[in-house]
Amino acid sequence: MSNLDHPVIAFIGGGNMSSSIIGGLIKSGWPAKKIRVSDPVAEQRQKLITQYSLHCFEDNGACVDGAEVVVLGVKPQMLKEAVLSVASQLSEQTPLLVSIAAGIPSGSIIGWIGRELPFIRVMPNTPALVNCGVSGLFASSLTTKPQRQLAESLMRAVGEVIWVNDEKLIDTVTGVSGSGPAYFFKMMELMITEGITNGLTPAAAKTLVVETARGAASLIGSSSLEPAELRRQVTSPGGTTEAGIRYMEQAGIDDAIRGGVKAAVLRSSELSKQFGGN
Ligand SMILES: NC(=O)c1ccc[n+]([C@@H]2O[C@H](COP(=O)([O-])OP(=O)(O)OC[C@H]3O[C@@H](n4cnc5c(N)ncnc54)[C@H](OP(=O)(O)O)[C@@H]3O)[C@@H](O)[C@H]2O)c1
């Protein structure tokens, strides 16, 4: 890599996730002239040109030409077609390949290209769209330390980052944090409904629930205590929280959440097999 501070990055697919990462990169000082994007949708390209003065392409090949890092940012079902459109170029240029596509294993992508490349697989989540995401990253053995640092700084542009040392664990990341926002939304949905049933206006119930979720996340983020300990601290004997938690436990909340995460991890591994076929 010639310029590891700011190598040329080509994004294939300029949708929601790529745009968020690009926004974060520009905010962190990445020069717009070092970022390229290809997308078949003219409106999407124009948006990125207007917002960030990026170099945008309709053709994936022109976008990838000379890039040192290529980010695969299309939907999983479009990924094979997108990779095949630039396979020979990738095989000649051997850039660092970063895939943010959910559920597609590195072996499938490398198989479509026909040559081993340094490869980083990323599982982001939707709060990345508001720079509050968390991503799990896996690096293939061909990647160098500077390449791993580079991939990490890409994803740090939209939130926190953790590394896993076995690609199978990307399925676990998917079941925990990839699908995780929806678990919290489900809980919020039910709490809001119950607040309304018990007399609050919908607006008041939503404010109370959303701010409680935000506050709980901030509190745990700034504390060294484990969640169980923080919960114990707000659960006085004979009090309201104890009554609520006891009811939830008797109704099976532990099994529901553990089983839910497990089902999502399993589904992620099934989808990897389904989408990742050669
Ligand atoms: N959004 C999230 O929160 C999230 C979370 C975790 C993982 N991801 C992963 O991130 C990836 C991108 O998701 P997204 O939400 O950003 O999707 P998106 O908004 O649909 O963006 C993908 C863009 O790529 C374009 N595209 C389709 N085929 C292409 C091709 N052959 N060459 C170049 N561009 C092509 C699409 O155009 P068309 O609209 O014409 O198809 C679209 O503009 C997905 O693989 C997803 O699994 C996203």
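This is a predicted model: local features need pLDDT of at least 70, side-chain atom pairs count only at pLDDT 80 or more; totals for chains, interfaces and linings use all residues.
Gly-24 is found in helix 1, which covers residues 16–27. In sequence, Gly-24 and Ser-153 are 129 residues apart. In space, 9.9 Å separates the C-alpha atoms of Gly-24 and Ser-153.

Asp-65 is found in the loop that runs between helix 3 (60–64) and strand 4 (69–72). Its relative accessibility is 48%, and Asp-65 therefore counts as partly exposed, the class that lies between the buried limit of 20% and the exposed limit of 50%. Once the neighbours within four places in sequence are left aside, Asp-65 is in contact with Arg-36, Gln-89 and Gln-93. Asp-65 and Ala-228 are 163 residues apart along the chain, and their C-alpha atoms are separated by 51 Å.

The discussion now turns to a pair of helices. Two packed helices are described by the angle between their axes and the distance between the axes. Helix 7 comprises residues 169–178 and helix 8 comprises residues 180–197. The axes of helix 7 and helix 8 come within 5 Å and cross at roughly 30 degrees. Angles under 35 degrees count as roughly parallel, and helix 7 and helix 8 are therefore described as roughly parallel to each other. On the side of helix 7, the residues that meet helix 8 are Gly-175, Val-176, Ser-177 and Gly-178. Their counterparts in helix 8 are Gly-180, Pro-181 and Tyr-183.

These local features belong to a protein chain of 278 residues. Its secondary structure comes to 12 helices and 8 strands. Along the principal axes, the C-alpha trace of the protein chain spans about 70 × 40 × 35 Å. Among the contacts with a separation of 6 or more, 64% are accounted for by residues 24 or more positions apart.

The protein chain has 24 positive and 25 negative side chains. The centres of the positive and negative sets lie 1 Å apart.

Notes: Residues are numbered from 1 along each chain as its sequence is written. Side-chain values use heavy atoms; hydrogens and water are left out. Helices (H or I, at least four residues) and strands (E, at least two) are DSSP runs, numbered from the N terminus. Buried means under 20% relative accessible area, exposed over 50%, partly exposed in between (1.4 Å probe, protein chains only). Contact means heavy atoms within 4.5 Å. Lys and Arg count as positive and Asp and Glu as negative; His and the chain ends are not counted. The place of a charge is taken as NZ of Lys, CZ of Arg, CG of Asp or CD of Glu. Axes are lines fitted to C-alpha atoms, for helices over the stretch in contact, and angles run from 0 to 180 degrees between N-to-C directions. Angles under 35 degrees count as roughly parallel, over 145 as roughly antiparallel, 65 to 115 as roughly perpendicular and the rest as oblique.
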